[in-house]
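Colleague: Can you take me through this one? Start wherever you like.

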Amino acid sequence: MTAPGAVEAAMRLAIAQAQRVKGTTYPNPPVGAVILSPEGEVAGVGATEPTGGPHAEVVALRDAGERAAGGTAVVTLEPCNHHGRTPPCVGALIEAGVAAVVYAVADPNPVAAGGAGRLHEAGIAVTDGVGAEAVASGPLREWLHKQRTGRPHVTWKFATSVDGRSAAADGSSQWITSDAARADVHRRRAAADAIVVGTGTVFADNPTLTARLPDGALAERQPLRVVVGKREISSEASVLNDDSRTMVIRTHDPHEVIRALSDRTDVVVEGGPTLAGAFLRAGVIDRILAYVAPILLGGPITAVDDVGVPSIARALRWRYDSVEPLGPDVLLSLIPG
């Protein structure tokens, strides 16, 4: 029997593997897997490859080779039990002769579910729920949301001074936050499916909305850039360059934007106060990421416009999901309360 400490350490490693491939596996979920030898040592590590490639369990089993026999497979998601573009992962685990499978989250997709039952039938010990919270709030957050609701997970991301200003009185906003915070933004962009801004942001800031590496080079994977609004933007706007694809949606209705992006999983709203207010009033924001810098700006330019709150009693209530220091700044992650 593999020691609990070894299993928990393996799950942390599997989560890191899943996080590493987040954004590259659509429509499959980003899953990580670790194979422990019968002695409890890491024998194989893997993560789901892009569409058409093997799932995490198969990659980890190949890495482990013969050391998988009699060992334990530790996976962030219940192994699939259906034949899609690749064979079911439960078959590979059974064939490899593992003695136990530990997974964090049950597969909510009825087409792929049932893996745990089939493993039980094959005489393999199955344990679920290990690391479930870390997985559900981490690499599988957006995918699980789409499985539950049928629509993309939408994050509103913004940078602000400690007094809630997104720019100084003269309109300047570069840079409110530190290099560490901006690097985190680019890392998250590279994992997102789409970045949404309004035409007002395009006119005011002329952003490229690309994901960049610390050295300034373009990241290998770029999100779809989405511009929302009814005003015509210049063909010379940076958001229309060749660094990534761009979709222009002629609407002010957030629900229409969500419908247009229904084939996506992870959507990030990076627009200004008008767009943010519209999405909040529409009730389609699932998470807030606020990068807060320890500076004071004052002035009239706030992070968000009217959100339809007439009094404290009617305030939109959120709760902290996490609080993370980033250099001199703080990243607040909030979910609906």
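Modeller: I'll start with a strand pair. This is a predicted model, and in it strand 12 (residues 318-326) and strand 13 (residues 329-336) run antiparallel, joined by eight bridges.

Colleague: What do strand 12 and strand 13 form, and how many residues lie between them?

Modeller: They form a hairpin with two residues between the strands. G327 sits in the turn and has a positive phi of about 60°.

Colleague: Which residue is the bridge partner of Y320?

Modeller: L334, in strand 13.

Colleague: OK, zooming out. How many helices and strands are in the chain?

Modeller: Ten helices and 13 strands. The chain is as compact as a globular protein of its length, because its radius of gyration of 22 Å is close to the 20 Å that the globule rule gives for 337 residues.

Colleague: And what does the C-alpha trace span along its principal axes?

Modeller: About 65 × 45 × 35 Å.

Colleague: How much of the chain counts as buried?

Modeller: Of the 337 residues, 49%. The accessible surface is about 15,600 Å², and carbon and sulfur atoms make up 53% of that.

Colleague: What share of the contacts with a separation of 6 or more comes from residues 24 or more positions apart?

Modeller: Such residues account for 70% of those contacts.

Colleague: Last topic, charges. How many positive and negative side chains are there?

Modeller: There are 31 positive and 37 negative side chains. The centres of the two sets lie 6 Å apart.

Notes: Residues numbered from 1 in each chain as written. Predicted model: local features only at pLDDT ≥ 70, side-chain atom pairs only at ≥ 80, totals over all residues. Heavy atoms only, no water. Helix = DSSP H or I, 4+ residues; strand = E, 2+ residues; numbered from the N terminus. Rg over C-alpha atoms; globule rule 2.2 N^0.38 Å. Buried < 20%, exposed > 50% of the residue type's maximum accessible area, 1.4 Å probe, protein only. Contact = heavy atoms within 4.5 Å. Areas by Shrake-Rupley, 256 points an atom, 1.4 Å probe, with all protein chains shown as cover. Lys, Arg positive; Asp, Glu negative; His and termini not counted. Charge placed at Lys NZ, Arg CZ, Asp CG, Glu CD. Pairing = 2+ DSSP bridges.
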